[in-house]
Amino acid sequence: MDGVSGNHRARSVGVGRAHAKAILLGEHAVVYGAAALAVPIPQLTATASAGFSPAGDGQGELSFTMTGSASRALVTQASDGLRELTAAFKDRVGVSGELHLDVILDGAVPTGRGLGSSAANSRAIVLALAELFGRELSDGAVFDLVQTAENMAHGRASGVDAMAVGASAPLLFQAGRARELSIGCDGLFIVADSGAAGSTKEAVELLRAGFERRAGAREKFLERASQLTARAEQALAEGRAEDVGAQLTDYHDLLREAGLSTERIEAMVAAALAAGSLGAKITGGGLGGCVIALTRPDQASQVTRRLHEAGAVHTWVVPLRRRAEHV
């Protein structure tokens with residue numbers, strides 16, 4: 001294994017960036033091997049810088065700082081995860097020796113909202129470490145490292161977050177593989193934060209418990225989820241925005257029936273639909289988090305206003321633009 005001297009200190013500081021994502025359809029089903037559709041949210045970013053700190057500075061092998069208003073519990077959790085991620089990175093790229101690293105993370109992706117904050121943070125840190133050590137990582141290697149961190153943070157992770165936080169276009173993810181979606185229509189996705197953090201682990205356990213109570217429940221859920229996701233993929237490719245919206249709303253109904261919605265989420269979905277959205281649903285694991293609504297541009301202002309009136313604390317607009325499929 002290589003040490004940290006010589007050309008492996010190609011830069012004094014490494015910088016990495018990633019962004020948020022939102023799931024259109026496929027939450028929870030994707031963990032069982034079904035497809036999921038996701039869109040990047042480029043305006044919500046995570047930026048990490050990594051440098052070498054002097055040995056003997058009292059910080060041990062790693063000094064970690066999160067900017068912004070992160071809670072002490074969140075910083076502690078992120079720091080523990082970073083130590084594991086750094087160890088995995090060293091093992092993956094063949095770096096040995098005593099490391100004294102200084103990592104600063106500026107994360108603008110809200111936590112617990114189903115927007116991929118932990119995956120975005122991990123990807124930004126992996127890319128920062130790779131630049132610091134002068135290592136070229138393949139897309140697959142970056143995915144594997146971020147996925148390792150996701151599994152530690154959430155238990156069994158599907159991989160969609162690890163892939164989507166580095167994507168430049170809407171994608172279909174299934175069983176560890178992704179491809180860009182063919183988009184035949186224009187529109188806007190409005191992502192609205194309910195202000196309440198959800199828990200992916202809790203949601204997964206709740207859904208699993210429901211499956212265990214009712215014979216055939218899992219198969220029924222997966223069949224319906226796969227059907228809606230496939231319909232939405234086809235409607236996107238064919239430019240049928242109204243049908244895409246209908247599948248979004250139907251998928252929300254599926255998640256609500258599974259007990260994964262909340263009173264505020266329901267109010268926000270209803271408000272978006274009443275304001276003219278083509279479709280709206282919870283996005284992410286559930287039990288809090290965000291709503292995503294597909295909207296025509298001329299209705300965006302009204303939909304946004306109604307979402308805030310229904311309890312949204314933040315909203316972001318994600319354009320949907322026509323594009324051919326890339327295989």
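This is a predicted model: local features need pLDDT of at least 70, side-chain atom pairs count only at pLDDT 80 or more; totals for chains, interfaces and linings use all residues.
Strand 2, which covers residues 36-52, pairs with several other strands. Strand 1 (residues 13-25) runs antiparallel to strand 2 and is joined to it by twelve bridges; within this pairing, Val13 has Gly51 of strand 2 as its bridge partner. Seven bridges link strand 2 to strand 4 (residues 101-107), again in the antiparallel sense, and here Thr47 stands opposite Asp106 of strand 4. Strand 5 (residues 171-174) is also an antiparallel partner of strand 2, over three bridges, with Leu171 of strand 5 as the bridge partner of Ala38. Strands of a sheet pair through backbone hydrogen bonds, either parallel or antiparallel.

A second topic is the open sheet of four strands, whose order is 8-9-7-10 and whose pairing is antiparallel. Strand 8 (279-283) and strand 10 (314-320) each have a single partner strand, so they form the edges and one side of each lacks a neighbour in the sheet. From one strand to the next, the twist averages 20°. Seven bridges connect strand 7 (residues 187-193) with strand 10, and Ile190 lies opposite Val317 of strand 10. Helix 9 (residues 300-309) packs on this sheet and touches strand 7, strand 9 (290-295) and strand 10; the direction of helix 9 makes about 15° with that of strand 7.

The largest nonpolar core contains 103 residues. Those with the most contacts inside this core are Leu115, Phe189, Val191, Phe221 and Tyr251.

Note on methods
Residues are numbered from 1 along each chain as its sequence is written. Side-chain values use heavy atoms; hydrogens and water are left out. Two strands pair if DSSP finds at least two bridges between them. Helices (H or I, at least four residues) and strands (E, at least two) are DSSP runs, numbered from the N terminus. A nonpolar core is a set of buried Ala, Val, Leu, Ile, Met, Phe, Trp, Tyr and Cys residues joined through side-chain atoms within 4.5 Å. Buried means under 20% relative accessible area, exposed over 50%, partly exposed in between (1.4 Å probe, protein chains only). Axes are lines fitted to C-alpha atoms, for helices over the stretch in contact, and angles run from 0 to 180 degrees between N-to-C directions. Contact means heavy atoms within 4.5 Å.
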